[in-house]
Amino acid sequence: MTTSSVLITGASTGIGAVYADRFARRGHDLVLVARDQAKLEALAARLQQNYRIHVDVLPADLTKAGDLAKVEKRLQDDPRIDTLINNAGIAQSGGFIQQTSSSIDQLIALNTTALTRLAAAVAPRLVQAGKGSIVNISSVVGLAPEFGMSVYGATKAFVLFLSQGMSMELSAKGVYVQAVLPAGTYTEIWQRAGIDISDFSQMMHVDELVDAALVGFDRREGVTIPPLHKAERWDNLDATRQALLSDIKQAEAAERYKTA
Ligand SMILES: NC(=O)C1=CN([C@@H]2O[C@H](COP(=O)(O)OP(=O)(O)OC[C@H]3O[C@@H](n4cnc5c(N)ncnc54)[C@H](OP(=O)(O)O)[C@@H]3O)[C@@H](O)[C@H]2O)C=CC1
Ligand SMILES: CC(=O)[C@H](N)C(=O)O
């Protein structure tokens, strides 16, 4: 049985809490991060009892500089942590013009800044060890500006891009990076953001989502989209993107933009 440890952000509920259960079931020790200490402790007690593993609770508001630094330090200093599940995130209700400066700040601070800084905190140590994993939770909304969640979707597009770039830089050094793109999943995120889901079509149950994401993890997929039923759609999109890149000629404007 392994004694490595997995640090999971946003572990107090939803997708993060299910990841915690699944890694505990696999015999990993855990470090659980979120703001709600009581919920983290209750989960930790249950997992320790059920799976005979060790769980540390590290309460932190990842939008606060001091708390974020505390989690970064743990990732830098604890040699047992070989996997980071970068999951904590929030959503927003309303369109672009309904957003306030503070709601934009919070969303970007948690979904992008904290996620990037935590990945950057652990990556050098994993590279030095020549092994380890970083899982970043994105969303299919990051592929869909049509959904009318422009700021949230932009943070998730950022997470996808970041993960792909990190994977290109780190995989040769033994570090596995996975982007996970769920679609609508039954968790508290909707209620917390004030989004009424009563008219939504059926969504995925959170256990099914995490179990599917872990199939992708075990296969070492770079991008895992559990609700995508035709895998070749993603492959085609990526092939089209690469073809586009091959047609970028940076020294010369395209014919259609040339002035007479
Ligand atoms: N549910 C869905 O439909 C989808 C979700 N996702 C993504 O999955 C991830 C998890 O979402 P989900 O489980 O649904 O959401 P939940 O709202 O159920 O859980 C969010 C988790 O993040 C934690 N969190 C929120 N704010 C902070 C903060 N400032 N600092 C630290 N932790 C914080 C919460 O804990 P606490 O309040 O204790 O801090 C909680 O543990 C998010 O990144 C989300 O964008 C992607 C696609 C679809
Ligand atoms: C709030 C959302 O849109 C959801 N979490 C998703 O990413 O699909």
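**Note on the predicted chain and its two ligands**

1. The cut-offs: 20 or more other C-beta atoms within 10 Å make a residue buried, 12 or fewer make it exposed, and counts in between make it partly exposed, with C-beta atoms placed from the backbone. R25 sits in helix α1. Helices here are DSSP runs of H or I with at least four residues, strands are runs of E with at least two, and both are numbered from the N terminus. R25 and N236 are 211 residues apart along the chain, and their C-alpha atoms are separated by 36 Å.

2. Ground rules. This is a predicted model, in which local features need pLDDT of at least 70, side-chain atom pairs count only at pLDDT 80 or more, and totals for chains, interfaces and linings use all residues. Residues are numbered from 1 along each chain as its sequence is written, while chains are lettered from A and ligands numbered from 1 in the order in which they are written.

3. Confidence. The mean pLDDT of the chain is 97, and 99% of its residues reach 70 or more. pLDDT is the predictor's confidence in each residue, on a scale from 0 to 100. The ipTM is 0.98 and the pTM is 0.98. Where pLDDT is low, predicted coordinates should not be read in detail.

4. Overall shape. The chain has eight helices and seven strands. Its C-alpha trace spans about 75 × 45 × 40 Å along the principal axes. Of the 260 residues, 38% count as buried.

5. Contacts. Take the contacts between residues at least 6 apart in sequence: 65% of them join residues at least 24 apart. A contact means that two C-beta atoms, placed from the backbone, lie within 7 Å.

6. Core. The largest nonpolar core has 66 residues, and I8, A20, L30, L32 and V122 touch the most other members. Helix α4 (residues 101-129) gives the most to this core, with ten residues. Such a core is a set of buried Ala, Val, Leu, Ile, Met, Phe, Trp, Tyr and Cys residues joined through C-beta atoms within 7 Å. In soluble globular proteins, nonpolar side chains tend to be buried together. Leaving out residues up to four places away in sequence, L32 touches I8, A11, A20, L40, L43, A44, V55, V57 and L58.

7. Ligand 1. The shell holds 29 residues, of which G10, G14, R35, D36 and G89 come nearest. A residue is near a molecule or strand when its C-beta atom, placed from the backbone, lies within 6 Å of it. By class, the shell has eleven nonpolar, twelve polar and six charged residues. Ala, Val, Leu, Ile, Met, Phe, Trp, Tyr, Cys and Pro count as nonpolar, Asp, Glu, Lys and Arg as charged, and the others, Gly among them, as polar. Helices α1 (14-25) and α6 (189-193) each supply at least two shell residues. The largest share, three residues, comes from α1.

8. Ligand 2. The residues around ligand 2 are A91, S139, V141, M149, A183, G184, I189 and A193. Six are nonpolar, two are polar and none is charged.

9. Backbone check. R52 is not a glycine, yet has a positive phi of about 55°. R52 lies in the loop between α2 (37-51) and β3 (55-59), and is exposed, with 10 other C-beta atoms within 10 Å. R220 also has a positive phi, near 60°, in a residue other than glycine. R220 lies in the loop between α7 (206-218) and β7 (223-224), and is exposed, with 12 other C-beta atoms within 10 Å.

10. Two further residues. F200, in the loop between α6 and α7, is exposed, with 10 other C-beta atoms within 10 Å. F200 and G184 are 16 residues apart in sequence and 9.1 Å apart, C-alpha to C-alpha. A157, in helix α5 (residues 150-170), counts as partly exposed, with 18 C-beta neighbours inside 10 Å. A157 and L181 are 24 residues apart in sequence and 9.9 Å apart, C-alpha to C-alpha.
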